[in-house]
Amino acid sequence: MSDVEWAVVRDAMPVPGWLEGRGGRPEGYCHRQMVDAVRYLVAGGIAWRAMPADFPAWDRVYAFFRRWRDEGLTAEFHDRLRARAREAVGRDTEPTAGIMDAQSVKAAASVPAATRGFDSGKKVNGRKRHIVVDTLGLLLAVMVTKASATDRDAGQTLLARLHTRHWRVTRVWADGGYTGRLVDFARDALSIALTVVRRVDDTRGFTVLPKRWLVERTFAWLMHSRRLARDYERRTDTSESMLHWSMSIVMSRRLARRAR
């Protein structure tokens, strides 16, 4: 990170308990080095043990990543950056609308059979990433499942997560895979109007569909991180954390450009 980007990241980082007098052991490594190391791994797609010597030892970096994942600090850090990114373009920090979609990706040999499946529609053996983004394309909710999971079934859990963290969201756009009982569940249980944007049957080739292109652009941003080119993680919550780190890179760079 440049000094300008580090200033943006530092202000959004969760404050350790020992700095606020709440006890705990002080960290032995510089936070900037740790964050840089995790970002390097996500962007470059390297293995943990291949961490360059310029960074702290790989097991220390992994311990930092694991602690942030397990204590929810990665999501908290990501959400703070998203709030600042929305404020920077004149939006309210909390969105009121979102767009939902899923992406199937191949799984590496390290992914256990219990958390992988076959997506018969996309012909992909691996996992599926379900996300909800705001109208700027920034992540609001994410869930990783087997690739065999249907969009309707996973959509219930995903929308419930969205409603818990962002209760002001009252409208969500989605594709035709989210029709049926999910529309009724969203309306009756979560007070969310789920609107299906359908593709016209006689249309050929690529067509930009209203609202749906926003979430497709987000998937393109995520695929810039080589760690996300396929799923390498043994645990699904680790995969979700990698998605948050990737979007944090996108937002911090965007905020740093505005700060110059």
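Modeller: Helices (H or I, at least four residues) and strands (E, at least two) are DSSP runs, numbered from the N terminus. The expected span of a helix is 1.5 Å times one less than its number of residues. This is a predicted model, where local features need pLDDT of at least 70, side-chain atom pairs count only at pLDDT 80 or more, and totals for chains, interfaces and linings use all residues. Numbering starts from 1 along each chain as its sequence is written, and side-chain values use heavy atoms, with hydrogens and water left out.

Colleague: How many residues has helix H8, and what does H8 reach from its first C-alpha to its last?

Modeller: Helix H8 (residues 236-259) has 24 residues and reaches 35 Å.

Colleague: How many residues of H8 are buried?

Modeller: Buried means under 20% relative accessible area, exposed over 50%, and partly exposed in between (1.4 Å probe, protein chains only). In H8, 17 of the 24 residues are buried, so the helix is largely enclosed by the rest of the structure.

Colleague: Now the strands. Which strands does S5 pair with, and how many bridges join them?

Modeller: A pair needs at least two bridges found by DSSP. S5 (residues 171-174) runs parallel to S1 (residues 97-106), with three bridges between them. S5 also runs parallel to S6 (residues 193-196), joined by four bridges.

Colleague: Which hand has the β-α-β unit of S5, H6 and S6?

Modeller: Point the strands away from you; if the path from the first strand over the helix to the second runs clockwise, the crossover is right-handed. S5, helix H6 (residues 181-190) and S6 make a right-handed unit.

Colleague: Are Lys123 and Ser191 buried or exposed?

Modeller: Lys123 is exposed, at 59% relative accessible area. Ser191 is exposed too, at 56%.

Colleague: How many cavities of 30 Å³ or more does a search of the whole structure find?

Modeller: On a 1 Å grid over the protein atoms alone, a cavity is a set of points where a 1.4 Å probe fits but cannot get out; a pocket is an open set with protein on both sides within 12 Å along at least five of seven lines; lining residues have an atom within 4 Å of a point. The search finds one cavity, and the largest cavity has a volume of about 30 Å³. Its lining includes Arg129, Arg227, Asp231 and Met242.

Colleague: What about the second largest pocket: what is its volume, and which residues lie nearest its centre?

Modeller: Its volume is about 410 Å³. A volume is the space filled by probe spheres set on the grid points, which are joined across faces, edges and corners. The lining has 16 residues, with Trp48, Arg227, Tyr232, Glu233 and Arg234 nearest the centre. Helix H3 (residues 58-70) gives the most, with four residues.
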